[in-house]
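Please look through the sequence and the model shown here.

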Amino acid sequence: QSENSDKSSAESDSETEVERVSVYHKLLATLKTSPESESEEEEDESESEEAGESETEMDSEGAQETGEADGGEKDENDIPEQKEGVSFFSLCFSKSTGTAEQVLDREQADGADTSCDLSQGVIEEFTDVKHESEFSLETNFMEEESGDCNADKRDRNSSQAFPEDPFKQHMDRELEEKEVEKMSTLPKTSSQSKWPRLGQLTFSSTLEKPKTLKADKEADVKQLYLHKPLESTWPKVNKQFLSSVNKPSDPPFTPLQRELFCIMNAYRDLFYPERNALTNGEEIRHAYCLHALNHVLKANAQVLGNNAKRRDQKPGPDSDDYRDQGLTRPKVLMIVPFRECALRIVHILISLLEVNDKRKIDVSNKKRFKGEFGSDPEEKPPNLKRPEDYEAVFAGNIDDHFRIGVAILQKSMRLYAPFYSSDIIIASPLGMRTIIGAEGEKKRDFDFLSSIEILIIDQADIYLMQNWEHVLHLMKHINLLPLDSHGVDFSRVRMLNLNNWSKYYRQTLLFSALQDPQINSVFNKRCFNYVGQVAVRNVPLSGSISQVVVQLPHVFRRLEAEDVTSVIDTRFQYFTDKVLPEYRDAIMSHTLVYVPSYFDYVRLRNYFKKEDLNFTHICEYTKKAGVCRARRFFLKGEKQFLLFTERFHFYKRYTIKGIRNLIFYELPTYSHFYSEICNMMKATDNGVDATWTCTVLYSKYDAQKLAAVVGIDRTAQMLQSKKNVHLFVTGEN
């Protein structure tokens, strides 16, 4: 099946069109684009128990491959071009969630509109239209939500002793034109600070000298201005991360959460590059869910309160006092890589809204949501052995093509809300890409992104393994003036939105497992928050090379490039002229070449074929049969070289046996992949007598990756010296 771009209107966010397979394959013949998702059955490392292993999904951002006799890959003479229009069609293929009949049964069970024609294979993507009036901000009032029209006033009066609410402070600030001009022309000024848990922080701002926040050691919940019922629910929901010796009077935050929330609650942009799925991933998810929900509840309470005031006031000209909303309703956009992440976020939001077991909130379409975003534990075979970090990242439903709107009032939540009736949108980059579309397409929509006030991009490093272009495409289309009014009451729209200044008020929270130039670029060049930015900039003292357990000489060979744009060609020339000739001799057999970029991989593969070298290759496109064959040839020495891509390793994590010589064509994106690949040598037979080698190519533009592998001290020495560096790791370093 192939999924066309989606159409979104004021009441229905998108429509999925399923084409016939023959038409889809005709389209494939014209496309040469970035990597696809292929469901491959996992093979056993010994290659004797393949039948007992199951499929591990790779990300669904590419089209199905056309197949090749040796490796089952695309036409290897064509390097994919990253053209926007072509890329969109090739990357909108997604895994189906069931047969048409099953989808229809689910829609009928939920009482949804089922305008689908099974004979034509067209199924409308489900959105909940049944609860529209119930969740409308325009027709509800404060007393109907909270049961007490004076509650909001009392809350305001009770907080007079504390500083002003950060939400109101941020949203009510009216920028002047000269300030906006200053932000768009002048560079940012920055200052440094060190916090107990986060470490080294860089504060930057354009409007004024960046003020360094102080980490609150004792965070009083009341001083955080949490909206009801979050004051009472947050300690219970977050209890799992707190120490068992915590007293009831202790702050209900872990040290990491306390410092992160301090920055979030000040409405500053935040970049935290030390997210770890094994250790702190869920802590961070809970913290940003608290912040997002707190923001939505305050914003909705303001609108509902003003609805009641307008209803009670005497007829007269409209007042600017009631400008309390954006041009479209969605306020928070959460970008996450897999459906499992969306499932966990929704569960956290529900838990934060439920005061106690007796006061359960009403969640529309909950059963359907669990069915489409949950996973069956029995689907995963028990004999799959993978590293702990792999198990943590790829837990649950790892489909990466999804989007869902969530509407929230204090006592109820509506899942599958149409985007223009949603408060929060949870989506994957691919899910956003297929609805935003490309220029010139008829079916595209991005107006719902016009008034996003909080953008959360979690696990940004995974998008480097999927398709970073989707993230860039999203950033180009967020906070633009909408093409249609979508029924908005302009007398209620904030002036900042009417002036097209939304991007200067948007808070961006960016979480990643690593520092990377592409992620840094988005944070530095695509985030314009007038309050300023905070980035965590800790340097690695010891690199992942210390985790290498085999005795191995590491030779780091420096290549000189004039600028960052010429590095790709310089690296290729250096490799073919100076490195490869040393490995052509038959004595240098069993050489694995690790290639992070798919485009570099295609270029090398074409060169190896042209030079008639004895090699085999494995990439993210290679089918199971091609992988088995390549591994067998390499292990037995029938093929001298093995070209091996980083994305394949990320999604599969096979142990490659038979490695004696290792070449890192470029430093790996994930530093721990360096030690993982090196440690594969211990799986090689008669390795004691073998002479192993490891060669790494790097340039001065690889400083961050180099520091993550060898540590900051060695990196400084290596970048100052223009000579090749030889390191010997004994397994104890």
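## Aromatic pairs

Rings of Phe, Tyr and Trp (its six-membered ring) are paired if their centres lie within 6.5 Å; planes under 30 degrees apart count as stacked, over 60 as edge-to-face and the rest as tilted. On that basis, Phe556, Tyr594, Phe644, Phe648, Tyr654, Phe664, Tyr674 and Tyr698 are linked by ring pairs into a cluster. The model is a predicted one, in which local features need pLDDT of at least 70 and side-chain atom pairs count only at pLDDT 80 or more, while totals for chains, interfaces and linings use all residues. Residues are numbered from 1 along each chain as its sequence is written, and side-chain values use heavy atoms, with hydrogens and water left out.

Over the whole structure, a search finds 33 aromatic pairs. Phe572 and Tyr607 form an edge-to-face pair, because their ring centres are 5.7 Å apart and their planes stand at 85°. Phe572 lies in helix H20 (residues 567-583) and Tyr607 in helix H21 (residues 598-610), so the pair ties together parts 35 residues apart in sequence. Phe572 and Tyr607 are both buried, a term for under 20% relative accessible area, with exposed over 50% and partly exposed in between (1.4 Å probe, protein chains only). The pair of Tyr594 and Phe644 is tilted, because the ring centres are 6.5 Å apart and the planes are at 40°. Tyr594 belongs to strand E17 (residues 591-595) and Phe644 to strand E19 (residues 641-645), so this pair ties together parts 50 residues apart in sequence. Both Tyr594 and Phe644 are buried.

## The chain overall

The protein chain has 26 helices and 22 strands; helices (H or I, at least four residues) and strands (E, at least two) are DSSP runs, numbered from the N terminus. Of its 733 residues, 57% are buried. Contact means heavy atoms within 4.5 Å. Among contacts between residues at least 6 apart in sequence, 77% join residues at least 24 apart.

Two packed helices are described by the angle between their axes and the distance between the axes. Axes are lines fitted to C-alpha atoms, for helices over the stretch in contact, and angles run from 0 to 180 degrees between N-to-C directions. Angles under 35 degrees count as roughly parallel, over 145 as roughly antiparallel, 65 to 115 as roughly perpendicular and the rest as oblique.

Helix H10 (residues 281-312) packs on helix H11 (residues 339-353) at about 55°, with the axes 10 Å apart, and H10 and H11 are therefore oblique to each other. The residues in this contact include Leu290, Leu293 and Leu297 of H10 and Ile345, Ile348 and Leu349 of H11. The contact of H10 with H11 divides into 11 nonpolar, 1 polar and 3 charged residues; Ala, Val, Leu, Ile, Met, Phe, Trp, Tyr, Cys and Pro count as nonpolar, Asp, Glu, Lys and Arg as charged, and the others, Gly among them, as polar.

Helix H9 (residues 255-265) packs with H10 at about 30°, again with axes 10 Å apart, and H9 and H10 are therefore roughly parallel to each other. Leu260 and Phe261 are among the H9 residues that meet H10, where the partners include Ala287 and Leu290. The contact of H9 with H10 comprises 8 nonpolar, 5 polar and 1 charged residues.

## Pro429

Pro429 is placed in helix H14 (residues 429-436) and counts as buried because its relative accessibility is 2%. Leaving aside neighbours within four places in sequence, Pro429 contacts Ile335, Val336, Tyr463, Gln466, His470 and Val471.
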